[in-house]
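Me: Could you walk me through this one? I'm new to it and would like to take it piece by piece.
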Amino acid sequence: MGTVNIKSFSELKHVSCQTPKHHMKPFELANTWAYQHWREQKLDAYPNHVTELVVDVNDINCLTPIERAALQRCCRKTNMVIYRSQQALVAKDGLQVVCASFGLNRLDKNLYADQEGISALQVSTQQRKYDYIPYSENAIKWHTDGYYNELDAKIRAMVLHCVSPARQGGENTLLDHEVVYLLMRDANPGYIAALMQADVMTIPANIEDGKEIRAAQTGPVFSIDQLSGDLQMRYTSRTRSIHWKRDNMVQSAVRCLEDLLMSDLPAIFTYRLSPNEGILSNNVLHSRTAFKNGPHATEQRLIYRARYYDRIRGTSVFDAQ
Ligand SMILES: [Fe+2]
């Protein structure tokens, strides 16, 4: 797999002039031409070191058009970018202003987000909150955000901003979900078909003190946004109570995905956020290592997190072509 037939490639260019873009969705399995065209571009100069994802900006509160374009360009390639700001974020709400300048407006208000919808991820002393791993010092396995959301509330973008890191640990690993799709489709298109099934993965209901605070959610791992043609991924490596469809191809696909996530793929990036740094992403796969806070405020991990139903503007699959 992997070589692109030059003749069909030029034919594709011809077709793309005449065919409406929404007919060229590369993530649809039947669309081999569009997929090969997209694949070729995706792999061309794809970063293989995390430093290639870092963009320096002077003031995150007030990005220049050149800085914003550089951030967008990186996101268009890899679905993520790490900004490194000289100036601190003026306030927690300021993150919403930054995000809005990238077309991110529809915030997901999850269980512990404040009224603005931004979560302050820090170790909580409240027992109920501590039970949720993001608010503890424990490691978080690979996942995309909102994998338990209802299907009409998909998280398309996820933003993290670091106010202060832990004394030790708390690194993020990041992997572009489009790269995962590409590698799995190359390995066996049947894996993609299996993981696109509407009943392939069920997340159990969230029950606290005998009361259901979130219903069970069944849905696909990979799905295609019908309007934009963009790929979305819903996944968690957590194994407790996750129910996978009983089907041989599904089991093989899940194993293939787990192997990829455990591998030393150069596209798996590891980064430990420092103060005034953050990650803008189209909800790529990510995980976090365990950490240890120190006694001083500057050694206590505090991360602001915002989740959106929107995708980062200018980073759609058709913007990349
Ligand atoms: Fe997350």
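Me: Which strands form the open sheet, and in what order?
Reply: The open sheet has 6 strands in the order β1-β2-β16-β5-β19-β3, with mixed pairing; strands here are DSSP runs of E with at least two residues, helices runs of H or I with at least four, numbered from the N terminus, and two strands pair if DSSP finds at least two bridges between them. This is a predicted model, in which local features need pLDDT of at least 70 and side-chain atom pairs count only at pLDDT 80 or more, while totals for chains, interfaces and linings use all residues. Residues are numbered from 1 along each chain as its sequence is written.
Me: Which strands stand at the edges?
Reply: β1 (54–59) and β3 (119–121) do, and each has a single partner strand, so one side of each lacks a neighbour in the sheet.
Me: And how do β5 and β16 pair?
Reply: β5 (residues 157–164) and β16 (residues 277–281) pair in the antiparallel sense over 4 bridges, and the bridge partner of Met158 in β16 is Ser281.
Me: Switching to helices, where do α6 and α8 make contact?
Reply: The axes of α6 (residues 177–187) and α8 (residues 248–262) come within 11 Å and cross at roughly 130°, the axes being lines fitted to C-alpha atoms over the stretch in contact, with angles from 0 to 180 degrees between N-to-C directions. Val180, Leu183, Met184 and Ala187 of α6 meet Ala253, Cys256, Leu257 and Leu260 of α8, where contact puts C-beta atoms, placed from the backbone, within 7 Å.

How values were computed: Two residues are in contact if their C-beta atoms, placed from the backbone, lie within 7 Å.
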